[in-house]
Amino acid sequence: MTTNQQTRMCVGCHKKMTSEQLKRFIVTSEGITFDTSKKQPGRGSYICSDQCLDKFKNKKHRKKGEK
Ligand SMILES: [Zn+2]
């Protein structure tokens, strides 16, 4: 029996889940790339749903002093 599951935090809702429940993506200068192989270099982030991804994107796009 193996209960060796790593938990990751969703950057959208900040809930902790197993890596199986989350999608890994990497933020590059060109945007967001989904790391389906889980082997891409770079700082990976985890997201549980498209809604959370939108939330994360909106947060990123809000710039200081813009309006
Ligand atoms: Zn989430």
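Biologist: Among contacts in the chain between residues at least 6 apart in sequence, what percentage join residues at least 24 apart?

Modeller: The share is 42%, where a contact is a pair of residues whose C-beta atoms, placed from the backbone, lie within 7 Å. This is a predicted model: local features need pLDDT of at least 70, side-chain atom pairs count only at pLDDT 80 or more, and totals for chains, interfaces and linings use all residues. Residues are numbered from 1 along each chain as its sequence is written.

Biologist: Which residues is Phe 56 in contact with, leaving aside its neighbours within four places in sequence?

Modeller: They are Val 11, Gly 12 and Ile 47. Val 11 lies 45 residues from Phe 56 in sequence, yet their C-alpha atoms are 6.6 Å apart.

Biologist: And where is Phe 56 found?

Modeller: Phe 56 belongs to helix α1, residues 50-61. Helices (H or I, at least four residues) and strands (E, at least two) are DSSP runs, numbered from the N terminus.

Biologist: In what order do the elements run from the N terminus on?

Modeller: The order is β-β-β-β-β-α, that is, 5 strands and 1 helix.

Biologist: Changing topic, is His 14 buried or exposed?

Modeller: His 14 counts as exposed because it has 8 C-beta neighbours inside 10 Å. A residue is buried if 20 or more other C-beta atoms lie within 10 Å of its own, exposed if 12 or fewer, and partly exposed in between, with C-beta atoms placed from the backbone. Phe 56 has 19 such neighbours and therefore counts as partly exposed.

Biologist: What is the phi of His 14?

Modeller: It is positive, about 65°, although His 14 is not a glycine. His 14 sits in the loop between β1 (7-9) and β2 (16-18).

Key
Contact = placed C-beta atoms within 7 Å.
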